[in-house]
Amino acid sequence: MTRTDHDRRTTGPPHRTADGPAYAVVIPTLARDTLADCLAALAAATGPRPEEIVVVDDRSDPDPAALEHPLSVLGDLRERTTVLTSGGRGPAAARNTGLRAVTTPWVAFLDDDVQVGPHWCAQLVQDLAEASDDTAAVQGVIAVPLPGERHPTDFERGTAGLARARWITADMAYRTAALRQVAGFDERFRRAFREDADLALRVMDAGWRIRRGRRTTRHPVRPADRWVSLHAQRGNADDALMVRLHGPDWWRKACAPRGRIRAHLAVTAAGAAACALAAARRPRLAAAAGLGWAAGTAEFAWARIAPGPRTRHEVTTMIVTSVLIPPAATWYWLSGLWRHRAAPAWQEVAP
């Protein structure tokens with residue numbers, strides 16, 4: 001970890017300002033184009049300003065020049081801003097890097113592709129001031145703008161799910177002491193997936209509460225290629241880690257959708273059986289297994305096509321990726337179970 005700004009925290013900020021609880025903002029980033037809009041919205045928000053802003057560059061080979069323009073939009077907040085690097089180890093490690101640097105009693109995490117509302121600072125301080133002593137975190141309200149002239153695509157619907165998600169760190173303010181009590185984010189989560197749910201479950205198991213606040217943050221749908229849903233299957237390895245840490249019913253504890261991993265396992269098994277039986281010259285059994293694979297794949301594809309815009313590009317993408325997703329999901333799920341086979345339940349290693 002390297003510090004690219006001078007250290008301004010020799011005395012530390014006060015625990016409260018005249019307007020309410022003091023807070024810092026931590027933003028992990030890969031220096032995406034969205035960072036400038038994120039920082040500009042933060043700078044324009046009315047209300048008590050953050051005592052500190054920590055931007056954590058998580059690129060494996062960071063180029064400070066790439067952050068010059070985004071940081072320039074901060075205006076007078078620039079002097080309160082520190083840039084750190086975290087070595088390309090993922091957003092959980094990047095947030096821990098920022099957490100270690102802050103000295104305020106509250107830290108608000110933002111993703112670098114969100115835009116806080118015009119009164120976000122004032123609303124955040126109000127959320128924090130209303131938090132009871134046993135409240136560890138206050139979640140922001142996420143709004144995902146969707147096209148009004150057509151049905152959303154599969155990827156747009158997936159992004160829209162963030163508006164209903166619990167405990168996501170796209171906009172989440174945590175009590176610094178609560179985070180340090182549970183040793184922060186688990187850095188085995190290398191993607192922006194499940195690391196927030198894992199943290200919330202550990203914090204609540206430690207006796208804290210988490211509630212939803214009133215501040216609002218906009219999360220636009222970012223551009224994505226047609227293979228984005230296939231790449232997202234890497235998250236099944238993180239789901240496997242959640243099983244090891246929090247038990248097979250972790251999704252119920254986390255109020256998370258259970259997903260289709262059981263169906264993906266069945267469809268993949270049917271396809272593999274069809275190939276094996278065909279190679280063994282068992283045509284009838286191979287045909288039965290193949291029919292099961294085809295039925296499962298068709299059901300999955302239609303479930304994704306039906307609510308969408310049904311353009312040629314979307315339908316083609318859904319058909320092709322619906323064939324590829326079950327084996328990809330199966331591979332990542334099984335590899336995650338194997339990789340984390342020795343991971344104990346988190347209570348067994350709780351600090």
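Tyr23 counts as buried because its relative accessibility is 1%; buried here means under 20% relative accessible area, exposed means over 50%, and partly exposed is in between, with a 1.4 Å probe and protein chains only. Before I go on, this is a predicted model, so local features need pLDDT of at least 70 and side-chain atom pairs count only at pLDDT 80 or more, while totals for chains, interfaces and linings use all residues. Residues are numbered from 1 along each chain as its sequence is written, and side-chain values use heavy atoms, with hydrogens and water left out.

Back to Tyr23. A search of the whole structure finds 2 aromatic pairs. Tyr23 and Trp120 have ring centres 6.4 Å apart and planes at 75 degrees, so this pair is edge-to-face. The rule is that rings of Phe, Tyr and Trp (its six-membered ring) pair if their centres lie within 6.5 Å; planes under 30 degrees apart are stacked, over 60 edge-to-face, and the rest tilted. Tyr23 lies in strand E3 and Trp120 in helix H4, residues 120–129, so the pair ties together parts 97 residues apart in sequence. Helices (H or I, at least four residues) and strands (E, at least two) are DSSP runs, numbered from the N terminus. Trp120 is buried too, with a relative accessible area of 0%.

The other pair is Phe109 with Phe185, edge-to-face, 5.4 Å centre to centre and 90 degrees between the planes. Phe109 is in strand E6 and Phe185 in the loop between helix H6 (176–181) and helix H7 (195–205), so parts 76 residues apart in sequence are tied together. Both Phe109 and Phe185 are buried. Arg95 lies over the face of Phe185, 5.3 Å from the ring centre; for a charge to sit over a ring, NZ of Lys or CZ of Arg must be within 6 Å of the ring centre and within 35 degrees of the ring normal.

Now strand E6. Why is E6 described as largely enclosed by the rest of the structure? Because 5 of the 5 residues of E6, residues 106–110, are buried. Trp106, Ala108 and Leu110 are on one side, Val107 and Phe109 on the other. E6 runs parallel to E3 (residues 23–29), joined by 4 bridges, and Tyr23 stands opposite Trp106. Strands pair if DSSP finds at least two bridges between them. E6 also pairs with strand E9, residues 171–175, in the antiparallel sense over 5 bridges, and there the bridge partner of Trp106 is Arg175.

Next, Asp111, in the loop between E6 and strand E7 (115–116). Is Asp111 buried or exposed? At 18% relative accessibility, Asp111 counts as buried. Its side chain makes a polar contact with the side chain of Arg95 at 3.2 Å. A polar contact is a pair of N or O atoms within 3.5 Å; within protein, one must be able to donate a hydrogen and the other to accept it, and residues adjacent in sequence count only if both atoms are side-chain atoms. Leaving out residues up to four places away in sequence, Asp111 touches Ile27, Cys38, Arg95, Thr169 and Ala170, where contact means heavy atoms within 4.5 Å.

Cys38 takes us to helix H1, residues 34–44, where the buried residues include Leu35, Cys38 and Leu42. Among the elements that cover the buried residues of H1 are E3, E7 and H4.
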